[in-house]
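This report describes strands, sheet packing and nonpolar cores in the structure shown below.

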Amino acid sequence: MDTELIRRLGHVVGDAGLVLGEAEQAPYVEDWLRKWRGRTPVVVRPRNTTEVSAVMRLCRQTGTPVVPQGGNTGMSGGAAPDDSGAQVILSLNRMRRIREVDAVNNTITVDAGVLLADVQRAAREAGRFFPLSLGAEGSCTIGGNLATNAGGTAVLRYGNTRELALGLEVVLPDGRVWSGLRGLRKDNTGYDLRGLFIGSEGTLGVITGAVLKLYALARGRVTAWVGVDTPGAVVGLLSHMQALCGERLTAFEMMSAHCLDLVQAHVSGAVQPLDGRHRYYALVELSDTAPEALTELLEQGLAQAMEAGLADDAVIAASETQSQALWRLREGISQAQVRAGKAVKHDIALPISRLAAFIEEADAALAEDFAGLPIVNFGHVGDGNLHYNVLLPLDVAAAEYGRLTAALNRRVHDLVAQRGGSISAEHGVGQLRRDELRRYKSTVEMDLMLLIKRALDPDQLMNPGKLL
Ligand code: FAD
Ligand code: 2HG
Ligand code: ZN
């Protein structure tokens, strides 16, 4: 790359804002899964929106492609540069300002580089609750969450990131700033620009700030670990608990017995909560601002479920420490997979009413066509979102990994499409599912997305090779 451009970028962000050495760039050019590794001439780390705008203007003038990056925890290769060595990484990791907390309006305004855990903390300190919650919350950024429309474990009650954002600030590919930081719950003044940038995976602009919704702080939660025999019973248990508990049901997660085996084998301190072995486990959580009767309600719901044959055994956490231990089993699955093998990941969504039949059918199809390959089936059943992954051996050859990935994707995604589902529920399309997207989206949908892309990014400089 033009050393003159690097010098001019340095002029904008200061010397501390450039990462040039190979060793220093390592955490930026490779993703969390260590699946995608690229090259970049420079990582640029602006301190504020004005600097992002100046960086984007320079890149536009010189025809330099830009890869926006938050915490680099994405699972679809969206934040990794390609190996051309021509793509600049624009990291938001120096933009970590909590701009304002408005407790009366129930909103928080933040820089896009603020870590999700820090947004949650700032809300708590103001006596409010920011519900977005996921395993990577200590390292992912709110900008990355918005760009991928992240889901996580509280979608069932509060919705995904899209539903938690009221306003955005975005730097466009030409450097202009769209200041849409409105804390309004009603605003019908034209097209939904905010919605357009949410989930756009850095292909339309750089999100630099956001106004997010806050909620009342729950004053108690109760968590149960439930042994269940079939996917149908898991879904039946969900329906039963929803009908009984309404909005107090704040999480309903599922994992197969094989997932629990993996966590026990690869995550230290993981202890099996129930004596017997069950084919599936559900993690069920109730929370409320008035927590007094929660435990009773959960006990009642689980007793009824057992009578109805929807649950076989259950334990309710007796303390916050026990509750955290149950959550560690659930959150440990990603790390356990990394240690146990090379996962072929499927991040799918289905109407909840079709979830059980999908699992039975997909399990049978894979047993027939891919006998012996372990299925790592877990996810956010309350949202109809499964991580229906398949684990290949750690030492699988690259060519074999590629061949099996293509074949497994086809088998699983075709079944998902036949049942009216989505092949990308919460992790985004990135590089991982870019070609798959073309197979399952209609021509009209693809055309509309390409039209929007060309209108906003005519030079195709924003995150090339991702999503579209
Ligand atoms: P990055 O990985 O840096 O970037 C992701 C995408 O967003 C890229 O395309 C990038 O170009 C773009 N981007 C980043 N910042 C900006 C910006 N400011 N402006 C424009 N574009 C931008 N995801 C879930 O949805 N639910 C889960 O439960 C979940 N659990 C996880 C658990 C673990 C252990 C890990 C490692 C990941 C998990 N993820 C989960 C995936 C990941 O954490 C999310 O996708 C997260 O939203 C990514 O945020 P990030 O800041 O790391 O973004
Ligand atoms: C989760 O739900 C994450 O834990 C990660 O979305 C999923 O590792 C995965 O496939
Ligand atoms: Zn998930």
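Strands here are DSSP runs (E, at least two residues), as are helices (H or I, at least four), and both are numbered from the N terminus.

β3 runs parallel to strand β4 (residues 88-91), and four bridges join them; pairing requires that DSSP find at least two bridges between two strands. Within this pair, Pro68 stands opposite Leu90 in β4.

## Basis of the model

The model is predicted: local features need pLDDT of at least 70 and side-chain atom pairs count only at pLDDT 80 or more, whereas totals for chains, interfaces and linings use all residues. Residues are numbered from 1 along each chain as its sequence is written, chains are lettered from A and ligands numbered from 1 in the order in which they are written, and side-chain values use heavy atoms, with hydrogens and water left out.

## The five-stranded sheet

Five strands form an open sheet in the order β5-β6-β10-β8-β9, with antiparallel pairing. Its edge strands, β5 (98-102) and β9 (177-180), each pair on one side only. Four bridges join β5 to β6, and Asp102 stands opposite Thr107 in β6.

Helix α3 packs on the sheet and touches β5, β8, β9 and β10; its direction makes about 45° with that of β8. Helix α4 lies across β5, β6 and β10, running at about 145° to β6. Contact means heavy atoms within 4.5 Å; axes are lines fitted to C-alpha atoms, for helices over the stretch in contact, and angles run from 0 to 180 degrees between N-to-C directions.

## Nonpolar cores

The largest nonpolar core has 53 residues, and those with the most contacts inside it are Phe130, Ile142, Leu168 and Leu212. Such a core is a set of buried Ala, Val, Leu, Ile, Met, Phe, Trp, Tyr and Cys residues joined through side-chain atoms within 4.5 Å. Its largest share, six residues, comes from α3. Domain 1 (3-91) and domain 2 (98-216) both give residues to this core, so it lies between them; the domain bounds come from an automatic or database domain assignment.

Leaving aside neighbours within four places in sequence, Phe130 has contacts that include Leu116, Val119, Ile142 and Leu212. A second, separate core of 49 residues includes Val235, Met254, Leu297 and Phe358.

Note on methods:
Buried means under 20% relative accessible area, exposed over 50%, partly exposed in between (1.4 Å probe, protein chains only).
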